[in-house]
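Subject: Structure handover

Hello,

Here is the structure I said I would pass on. My notes on what was found in it follow below.

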Amino acid sequence: MRQTGRQTRRAERRIPPTAAELAQVHDHTLAETAAREPDHDGFPEPAGPGPLAPRPEIGDSWARLRRLGLDPDAGAAAVHLSPAEIELRRRASGLEAVIPVLRETLVQPLDQTPLILAIADAEGHVLWQDGERTLRRSADRIGFLVGARWVEENVGTNGIAVALRTQRPMHVHSAEHYLRSHHSWTCVAAPVHDPGTGQLIGAVNLSGPAHSVRPYLLRLTATAARLAETELRAHRLESLHQLRTLAAPLLARVAGPALVVDGAGWTAAAAGLPPPTRLRLPAEGWGGAAVQWVPGLGECVLEPLADGWLVRPVRPPEEGGSGAPGAEQAEGARLRLDLRRADRPRLSVEGAAGGWSHTLSPRHAELLLLLATRRDGSTAAQLADALFGDPARTVTVRAELSRLRRYLGGLLAHRPYRFAEPVLVTVLGPDDPYDLLPSSSAPAVRRLRAGLAAGTVRLPGAPVPAPRGPRSAALPPAAPQPPASSAASWASVGPQARSASSETSA
């Protein structure tokens, strides 16, 4: 029986599984999954916790690769970039400026340790590699070389792919790799985000022989990724300072309130109104229209500058309000949560307040998904339990929802938290249910993935799926399945609702 006490968890961290134990988990899980497949139409649920079960992140990855049909003994056809494509991707990645810092941090202090440093872009292409020559020749034999696309679909579960999917530091050791040819390796990887936009731009990875694993490598790699982001932030602040120098004389000549922002929406200078730290730009960028609706400011006249935009509100904020949709503007509003791209969840709103869209942070994407699948509302405690498995973490939930209300305004109600009744909500999900917010480890999101894969729930606005396979023709028609947004289906996603009066403060 598995114990869950705090002392037991500490002991598990001090004594990690051996390579032989991991190999046993690997063989047992794949054999068990294959045996269950005929009864689950190819969509087995991840193995639950137990003595022979992989970590949740590894188990989710293995289940996904089994559904894709990847052979753990052969893998898939290798994908390699040409030298010209490698150079183009290096320049486009935004990581070239931080390579010297990463080499100084990770290669030079570890020159006596058999490790390979690899830097990949957001799509998993290995763009830089450094380390011991003999070890790099061994890595070449499994296809781990510059120009290779190191993603799960091609090379199975690995540090770079899992770090990019989950967007947090990850350690994949020995038989946690899906391909058996990788079981003699261990790798640690950490994602790197653009500090200006928050978007994932790549990953830092250290790989070496499984027998030489060191427990500090994951912390070291995560620190190096944060150092790279700090270096990128310094470059952005320098660019913002240059834009501020240009903006000062320009704003002095503009009549009325105005502000100058850079290409990512960060404010360089403002005149006549309290400067927001950052404007939320549409996900597809501001188009050719001279007047745009900007969350927080309302309708604004936009003029392009060399490295940003001059933004002038049509009405001063004190006359037009905050620029967030009011309750009366929720009537007929259409909200679309697009989660088809794992690395770029998008929110789009159309209504009386205007149309706009922008890229969401992972936490806001989780919250909006949970609200969309529970239209009758959730308390802060219920959302905390769904996100963290801990109903006491209401402070974090309320703080994030407060940030959401700044630009959703009357579209988002509270006591309990929910979308306003007139708002039409649609959620667009990926083809593979297990690609739904893959960076999320929230208990409710993991249950939702399993429910979508099993066909027991649907996302709000999703069409009714067609019957699968020849067996369906001989089966009697099933009872209509409620969408995930109905109260009837919430039991498979999260906790049951309490009455709205059970939480007196929002």
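The protein chain exposes about 24,200 Å², and carbon and sulfur atoms supply 53% of that area. Accessible areas come from the Shrake-Rupley method with a 1.4 Å probe, and for residues only the protein chains shown count as cover.

Please note that this is a predicted model, in which local features need pLDDT of at least 70 and side-chain atom pairs count only at pLDDT 80 or more, while totals for chains, interfaces and linings use all residues. Residues are numbered from 1 along each chain as its sequence is written, and side-chain values use heavy atoms, with hydrogens and water left out.

The whole chain

The protein chain has 506 residues, of which 47% count as buried. Buried means under 20% relative accessible area, exposed means over 50%, and partly exposed is in between (1.4 Å probe, protein chains only). There are 15 helices and 16 strands in the chain. Both are DSSP runs numbered from the N terminus: helices are H or I with at least four residues, strands are E with at least two. Taking contacts (heavy atoms within 4.5 Å) between residues at least 6 apart in sequence, 62% join residues at least 24 apart.

Helix H3 covers residues 56-68. Its 13 residues reach 18 Å from the first C-alpha to the last, close to the 18 Å expected at 1.5 Å a residue; the expected span is 1.5 Å times one less than the number of residues. The buried residues in H3 include Ile-58, Trp-62, Ala-63 and Leu-65, and Asp-60, Arg-64 and Arg-67 are also among them. After H3 comes Gly-69, with a positive phi near 80°.

Pro-54 lies in the loop between helix H2 (19-36) and H3. Pro-54 counts as buried because its relative accessibility is 16%. Pro-54 and Glu-176 are 122 residues apart in sequence, yet 7.6 Å apart in space, C-alpha to C-alpha.

Strands S8, S9 and S10

Two strands pair if DSSP finds at least two bridges between them. Strand S8 (residues 291-294) runs antiparallel to strand S9 (residues 298-304), and four bridges join them. S9 is also joined to strand S10 (residues 308-313), by five bridges and again antiparallel. Val-301 in S9 stands opposite Val-291, and Val-301 also stands opposite Arg-312 in S10. The hairpin of S8 and S9 has three residues between the strands, and Gly-296 in this hairpin takes a positive phi near 95°. S9 and S10 form a hairpin as well, with three residues between them.

Gly-131

Gly-131 is found in strand S2 (residues 126-131). With a relative accessible area of 27%, Gly-131 is partly exposed. Leaving aside residues up to four places away in sequence, Gly-131 touches Leu-115, Ile-116 and Arg-136. Gly-131 and Ile-116 are 15 residues apart in sequence and 4.4 Å apart in space, C-alpha to C-alpha.

Aromatic rings

Rings of Phe, Tyr and Trp (its six-membered ring) pair if their centres lie within 6.5 Å; planes under 30 degrees apart count as stacked, over 60 as edge-to-face and the rest as tilted. The count by this rule is one aromatic pair. Phe-144 and Trp-150 form a tilted pair, 4.8 Å centre to centre with 45° between the planes. Both Phe-144 and Trp-150 are buried.

Elsewhere, Arg-393 lies over the face of Phe-388, at 3.8 Å from the ring centre. A charge sits over a ring if NZ of Lys or CZ of Arg is within 6 Å of the ring centre and within 35 degrees of the ring normal.

Regards
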